[in-house]
Amino acid sequence: MIFNEKDIYYSMLRWGIAATELAETSFQVGKNELWPIPDAEISSNASVGTED
């Protein structure tokens, strides 16, 4: 593993160049930039619904 590889990944997301730099990998625009919200967080917050 390259030193600080994870930090570079997040920087590429922030700069908007992840799709071009990671084109040879399984990176998918609109999918791999997002993290799911845990179910426990959704169910513990009354102002967040399943449609959000």
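A: A residue counts as buried when its relative accessible area is under 20%, and as exposed when that area is over 50%; values in between are called partly exposed. In this predicted model, buried residues account for 12% of the 52 residues in the protein chain. The accessible surface of the protein chain is about 4800 Å², and carbon and sulfur atoms contribute 57% of that surface.

The protein chain contains three helices and zero strands, which gives the pattern α-α-α along the sequence. Helix 1 covers residues 5-15 and has the lowest confidence, with a mean pLDDT of 82, whereas helix 2, residues 18-21, has the highest, at 90. Across the protein chain the mean pLDDT is 81, and 81% of the residues reach 70 or more.

The structure contains one aromatic pair. Its partners are Tyr9 and Tyr10, whose ring centres lie 5.3 Å apart, with 70 degrees between the planes. Because planes over 60 degrees apart count as edge-to-face, the pair of Tyr9 and Tyr10 is given that description.

Finally, the exposure of each partner may be considered. Tyr9 has a relative accessible area of 24% and is therefore partly exposed. Tyr10, at 34% relative accessibility, is likewise partly exposed.

Notes:
Residues numbered from 1 in each chain as written. Predicted model: local features only at pLDDT ≥ 70, side-chain atom pairs only at ≥ 80, totals over all residues. Heavy atoms only, no water. pLDDT = per-residue confidence, 0-100. Helix = DSSP H or I, 4+ residues; strand = E, 2+ residues; numbered from the N terminus. Buried < 20%, exposed > 50% of the residue type's maximum accessible area, 1.4 Å probe, protein only. Areas by Shrake-Rupley, 256 points an atom, 1.4 Å probe, with all protein chains shown as cover. Phe/Tyr/Trp six-rings, centres within 6.5 Å; stacked < 30°, edge-to-face > 60°.
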